[in-house]
Amino acid sequence: MEEIKVIVADESHIKYVDTILDTIEKAAKIRGTGIAKRSPEYVKQKMLERKAIIALDGDRFAGFCYIESWSNKQFVANSGLIVVDTYRGHGLAKRIKRKAFELSRERFPEAKIFGLTTGEAVMKINNELGYRPVAFASLTDDPAFWKGCESCVNFDILQRNNRRMCLCTGMLYDPHEHENNDNQPQK
């Protein structure tokens, strides 16, 4: 097996969009967890904007994540993290997430980076990168971000709680809290 490359996606990776979306949907069904669905056009745009990370084993799709800025670039979300099941358990999610974190810091150095997750493995990775669990009130208040949650099976929970809580854990990396550490994530 070739070395898996974790790189910033571009227009040459658009051919993987349907595979990415199918992989995300299947994983959500198996885990029984909520996930915000994204259109093929949205994922393509992330690639064209160079705001997506893709992992490839040769020409085989192995994993993906994308970034999006919110609230006038004060916040950046790392979303859509997925690893093909045959590649799980080898640290690939951590490599993808680290690359998305680095891309976020490079493109939006002053922004707070956040994510929502129900997955313990993602929480652990986020913690290693310097994220901390926070109340949803500490995350972006941009209605466009929260609109993305409407396609999640748990949206009714978020809505019932006036967007204060859900089954997801909100996690936040604030670069200003890490200024003395040169904004470097923990290893």
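Predicted model: local features only at pLDDT ≥ 70, side-chain atom pairs only at ≥ 80, totals over all residues.
Close-up 1. Strand 2 and strand 3 form a hairpin with 2 residues between them, and Gly 58 in the turn has a positive phi of about 70°.

**Close-up 2. The side chains of strand 2 (residues 52–57).** In a regular strand the side chains alternate between the two faces of the sheet. In strand 2, Ala 52, Ile 54 and Leu 56 point one way, while Ile 53, Ala 55 and Asp 57 point the other way. The strand is mostly covered, since 6 of its 6 residues are buried, and this includes Asp 57.

**Close-up 3. The largest cavity and the residues that line it.** The model has 1 cavity of 30 Å³ or more, and the volume of the largest cavity is about 30 Å³. Its lining is made up of Arg 38, Tyr 42, Tyr 66, Glu 68, Trp 70, Ala 77, Ser 79 and Phe 145, which divide into 5 nonpolar, 1 polar and 2 charged residues. Strand 3 and strand 4 (75–83) each supply at least two residues of this lining, and the largest share, 3 residues, comes from strand 3.

**Close-up 4. The salt bridge between Glu 68 and Lys 46.** Side chains of opposite charge can pair when their charged atoms come close. In the salt bridge of Glu 68 with Lys 46, the closest N and O atoms are 2.5 Å apart. The pair links distant parts of the chain, with Glu 68 in strand 3 and Lys 46 in helix 2, 22 residues apart, and both residues are buried. Salt bridges that share partners join Lys 46, Glu 49, Lys 51 and Glu 68 into one network.

**Close-up 5. The salt bridge between Glu 3 and Arg 95.** The structure holds 10 salt bridges, and in one of them the side chains of Glu 3 and Arg 95 meet at 3.8 Å, N to O. Because Glu 3 lies in the segment before strand 1 and Arg 95 in helix 3 (residues 92–107), the pair ties together parts that are 92 residues apart in sequence. Glu 3 is exposed, with a relative accessible area of 60%, whereas Arg 95 is partly exposed, with a relative accessible area of 36%.

Terms used. Residues numbered from 1 in each chain as written. Heavy atoms only, no water. Buried < 20%, exposed > 50% of the residue type's maximum accessible area, 1.4 Å probe, protein only. Helix = DSSP H or I, 4+ residues; strand = E, 2+ residues; numbered from the N terminus. Pairing = 2+ DSSP bridges. 1 Å grid on protein atoms, 1.4 Å probe; cavity = no way out; pocket = protein on both sides within 12 Å on 5 of 7 lines; lining within 4 Å. Points joined across faces, edges and corners; volume = space filled by probe spheres on them. Nonpolar A, V, L, I, M, F, W, Y, C, P; charged D, E, K, R; others polar. Salt bridge = Lys/Arg side-chain N within 4 Å of Asp/Glu carboxyl O.
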